[in-house]
Each structure stands twice: as structure tokens, then as C-alpha cells.
Amino acid sequence: MIEAIGLAKQFRTLTAVHDLSFAVGDGEIFGLLGPNGAGKTTSIRMLAGLIAPSAGTARVNGLELGPQSQRIRALTGVLTESPGLHDRLTARQNLGYYGRLYGLRGGELRRAVDRYLGIVGLTPAADRRVGGFSKGMRQKVAIARALLHEPQVLYLDEPTSALDPSAAKGVRDFVATLRDAGRSIVVCTHNLDEAERLCDRIGIMRGTLLTVDTPARLRRRNGTATVRVELVGARRPTSFLDLLGRLAFVEGARAVDGALLVEVREPRGDNPELVRELVEAGARIVHVSEEAATLEQVYLDLVGEAGARDAGAGIGLDSDGEAG
Amino acid sequence: MRPGYVWAVIGKEARDLLSNRLLLGAVVFPALVFAAIPTGIVAFIEFNELDPDQLGQIEQYISQFPDLPAKLAAQGFIVMNFMAYFLLIPAMVPMAIATQSVVGEKNARSLEPQLATPMEVGELLLGKAIASATPAVLATWGVFALYGLVNGWVADPVLTRLIFNDVWRVAMLTLVPLICLLSVLLGIVVSSRVNDARTAQQIGGFIVIPVIGVAIAGFFSGQASFSMEQVLIGDLVVAALIGLTLAVGNWIFDREAILTRLG
């Protein structure tokens, strides 16, 4: 269980993160989306006990950030943005080193290293130096390293970057099994499709969280759904706009490519009434469907709005994407 | 400070060093060269007759060994005069290892995953410092032992006793490890400010100039060796410099600074 309460991080004159509050339950995958420099990496570094927040606090499995940061790090696994491996050591030696740093010894360490080398499919390359590995193989070693000590809390920064589609799916499936095992997982990603498939909830971030919700609800973030009504016949769709404007349950309407796009609050209840009104007005309807907004659209809208607000207030993104 | 973490770092660094033949060569080769030059001169004197005029010219130097015949006194002066170079090895070699280690981690971005573990920054740095200093200390001691034994074998066992005197045994056991530690700490501090190992070593080279200066001054002064007082004063000075460097290092190397500047 992760609880962030008003976290903020100031680097000299730069505010990388401010007023960050959210919670991630046991057995939940929480996605952090945001542009470069939005503060995702800084947030993870604070929550993982790597850097101290300038304000606010956080609790991880009941342990408080600051006085208990060392214990937090012991129960946390972090996949850093860059694999950060020791190139002259083999995959097995890399994992062995980190296993020792996480307190594993002897047979327990050997079993954990073998198990995770197997899980990421690197057993045949276990005794080769990682300096000669491909990007994907390096990422797999880094993933194994983050999981080696069976952490209760996981922070994964771009977990499938550099992986081919098949390997990426393997990692996503594995992360899902970790959720099922009750771990709290935070995933930073630019991959909206991945966030939608993997995450139970998503927070869109730009210095602070702009919104947090499930992927399905984010797609309806204005509280309305867009219904597409395909028409045929002599009457042009624009001729029905006046009628639609008079209907109380219609939030907005426009004509696009021979169809009507109608905003309603409750498609299940409102659609039958909408169809009846249009048919009575002489419309010949061939198809009615709900147009779901993509997560990408929601993301771009939110980040764009926040960017415009910040530009108006003279605030810029953290220019160092690595720190952010 | 928990020994388990320090040992884990030492083990990792040792594997890293042993797999880096170039760096390993940089540890052993300078030490052998420093020892080979005077040994060659001793051998030359041993197998050639010295002109009495030449011996007269170095009378003031060989007179420091009144109990020895002139030829052996000349050899004694040579072996003792070059001993100061045994202080250069610990000044230069560990710095090369330390800068390579820190800059290498910096370029590989491997510091963050290590700092994400329960290990403390001090444990990481201590492990790195010990791992960087140990090969240089061992190389210095090994070559010192070899130097004493080979010169005794080439010329006369008296040279072995001269080399393994009380002053130099104390210097080997105290001053050499202290200089190694200072060199490593300076290497780590310098590495935090630059992005490549070569630049770090060049800047570090300037910093160890005082040690080199002491060695060269010793060489040209005509003093065959240091006195016990000089060695003990050297211990105190180097220990004070270590304290100062640790204070600076502690300020530079908090977890956050490493991540935001080096990570």
C-alpha cells in the first residue's frame, strides 16, 4: 500500500513536483502518465526513499518516508529508466550482487537468481557479460533485478521500452501476475496503450496529478458520451441540429461526414429517446454507436490544458527529463 | 556501517577489476618499473668496476653508509634513494581505479539501482574506496618485498636489510595505506565533477603533485631515506588531508546529489 500525501520536490529554483497525493492499494497497478519532465521519475525516487521530499510525506506499507526510508527500500523494487547494469559482470553476477544488497544469501540467493533468469528468459545467457547484451536483454536483466527480492511494492519506469512486442507482452503479463499476488505497483510510461491494458487506475501528471481515474472513466472524463448516428436519405444531418438543441438530455451536437455526433450523459437511457425523436422528425437512421474517446485524446487534452495554464503563469517543464 | 554491504561492493568491484586487464596492468606495471630502474643500476654497479674518480664524486652520498665498502655503499645509496617512489605508486594507482570506477558507474547510470537498495551511500563509497585502494597497497607491498629480495640477491644481502629497515617498514604499514586512501577519496571527489575518467585522472594528477614533490625532493636532496620522524609527520599530514577530503566528500556525496548530478 502506497500513500502519497502532498509530496513536493524543489531543486533550487525548479519545482519538479508539487502537491502530489494519491494512494495505490495492495494488488493494484497504478499508471503515471505525463510528458518528459513532468515529475514522474522524481515522484518515484521520492516514494522509493531515494530522495527526500521538500514537503509532504508518504507511507509505504505503513512505513513513513524519511525515518524509515531504509526499510522502505528493502521492501521496494525499482526498475530505473535506464537499466544501469555493470557491463563487465555477467547477468548472473549482476543479479547476485543486487541479491546480496537486498539481503539474500547462499542457497536462497542462488535460487532467486536462477528463478528470475528463467522468468525473463535469460537462462542460456546467464553467464555472459551483459556488456554484450542487446537493449532488450539488458532491460530483462534490470526487470529481474527489480523483482529478485520479491518486493511488496514495485516502481517500474518504462518497463517495456526496448522490448519487442512479444517480450513486452510477456512483461505485461508477468506484472499482472504480480498484481494478482497482492503487490502494489506503480508504472511510469509514455505508452498509452500499455497503460490502458495494464493499469487499474491512471494518473496523468504534469508537476502534479491532473487527474486520476480508471482508464474507462478517463475516456469519459467530461461525464458525457458521444453517440454517432449514421443517416441516409435526402435530409442533411445539419437539419436536425435545431431539434437536438431543444432536447434536455442532449449536451451538444454536431454534423460530421453525413452523421450526427451527439453528446449525452447516459447513453443506455438516452439513446432510445434520441432515436425516437430523430425518427419522428423524419430521420432515416441506419446505425447508432457510441464513440469512445481514446486515452490519448484525454491525455493530450489534459496535458495541453495544463501546459497552456502553466505558460500563462510563466511555468515551464523541468528541462531535465531525467530528473523529472 | 554494515560489513555485509561493504563486502558486497568490494566483491563486485574486485570482479570488475579482475575482468579489466588494462586497468589491472596499470596497477602492477608502474610499480614494477619504479622498482626495476634502481635494481638495474645496482646490477650495473655490481657487474662493472667503478672508477675511483666517480666514487669520489659521490663521496658525500656514500658516506651515509660508513660501515659499507665503497661499491656496496654506492648500491645502498641507489636503492634507498629510489625508495621514495614507493610513495608514488599508492598516490597514483588507486586514483586511476577509483576514477574509472565512479566515472564508469556514472556513464552506465548504475548508481541509482544501487542506491535504491537498503545500502547507505557511506557503505557504497567505503566499499569502493577499499576495493580501489587494496590492489595498490598489495602491489606496493609486493613490489617492495620483491625489490628488497632481488637487490639483496643481485648485490649483497646487506641491501635487503637496508631496504627492510624500521623506517620503511613503518612507512609501508602506515603511510602507504593512508596515501592510497587519500588518493582514492580525491579520485572519487574529482570524479563527481567530471564526465570521463581521463579528465578525472588528469585533475587528480595535479592534486597528487605534492606527494610527487616530496618524492622528487627526496631524490635530489641526497638524503638516502626518510627519518622515522618524517614518516610519522607524513602519516599525520596525510591523515589530516583524509579527514578534510572526507568532509568535502560527505558534502558532495549525499544520496540526492549522486542521483541528480551523477545518477
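This is a predicted model: local features need pLDDT of at least 70, side-chain atom pairs count only at pLDDT 80 or more; totals for chains, interfaces and linings use all residues.
Figure 1. Of the 263 residues that make up chain B, 45% count as buried. The secondary structure of this chain comes to 14 helices and zero strands, so that, read from the N terminus on, the order of elements is α-α-α-α-α-α-α-α-α-α-α-α-α-α. Among the contacts in chain B between residues at least 6 apart in sequence, 85% join residues that are at least 24 apart.

**Figure 2. The contact between chain A and chain B.** Chain A contributes 26 residues to this contact, and chain B contributes 22 residues. On the side of chain A that touches chain B, the elements giving two or more residues are α2 (69-74) and α3 (91-101) of chain A, and the largest share, five residues, comes from α3(A). Sorted by class, this side of chain A has 14 nonpolar, six polar and six charged residues.

**Figure 3. The open four-stranded sheet of chain A and the helix lying across it.** The strands of this sheet follow the order β2-β1-β4-β5 (chain A), and their pairing is antiparallel. At the edges stand β2 (14-24) and β5 (63-64) of chain A, each of which pairs on one side only. Strand β1 (residues 2-11) of chain A is joined to β2(A) by seven bridges, the two strands running antiparallel, and within this pair Glu3(A) stands opposite Ala23(A) of β2(A). Helix α1 (residues 40-47) of chain A lies across β1, β2 and β4 (55-60) of chain A, and runs at about 120° to β1(A).

**Figure 4. The open six-stranded sheet of chain A, with mixed pairing.** Here the strand order is β6-β7-β8-β3-β9-β10 (chain A). Because β6 (76-79) and β10 (208-213) of chain A stand at the edges, each with a single partner strand, one side of each is left without a neighbour in the sheet. From one strand to the next, the twist averages 15°. Within the sheet, strand β3 (residues 28-33) and strand β8 (residues 184-189) of chain A run parallel and are joined by six bridges; in β8(A), Cys188(A) is the bridge partner of Leu32(A). Helix α5 (residues 135-147) of chain A packs on the sheet, where it touches β6 and β7 (153-157) of chain A, and the direction of this helix makes about 165° with that of β6(A).

**Figure 5. Helix α10 of chain A, with its buried and exposed residues.** Helix α10 (residues 267-280) of chain A has 14 residues and reaches 19 Å from its first C-alpha to its last, which is close to the 20 Å expected at 1.5 Å a residue. The buried residues of α10(A) are Asp270(A), Leu274(A) and Leu278(A); because they cover an arc of only 65° around the axis, they lie on the same side of α10(A). What covers these buried residues includes β11 (225-232), β13 (259-264) and β14 (284-291) of chain A. On the other side of α10(A), the exposed residues are Arg268(A), Gly269(A), Pro272(A), Arg276(A), Val279(A) and Glu280(A). The helix α10(A) is followed by Gly282(A), whose phi is positive, near 100°.

Conventions: Residues are numbered from 1 along each chain as its sequence is written. Chains are lettered from A and ligands numbered from 1 in the order in which they are written. Two residues are in contact if their C-beta atoms, placed from the backbone, lie within 7 Å. Ala, Val, Leu, Ile, Met, Phe, Trp, Tyr, Cys and Pro count as nonpolar, Asp, Glu, Lys and Arg as charged, and the others, Gly among them, as polar. Two strands pair if DSSP finds at least two bridges between them. Axes are lines fitted to C-alpha atoms, for helices over the stretch in contact, and angles run from 0 to 180 degrees between N-to-C directions. A residue is buried if 20 or more other C-beta atoms lie within 10 Å of its own, exposed if 12 or fewer, and partly exposed in between; C-beta atoms are placed from the backbone. The expected span of a helix is 1.5 Å times one less than its number of residues. The arc is that of the directions from the helix axis to the C-beta atoms.
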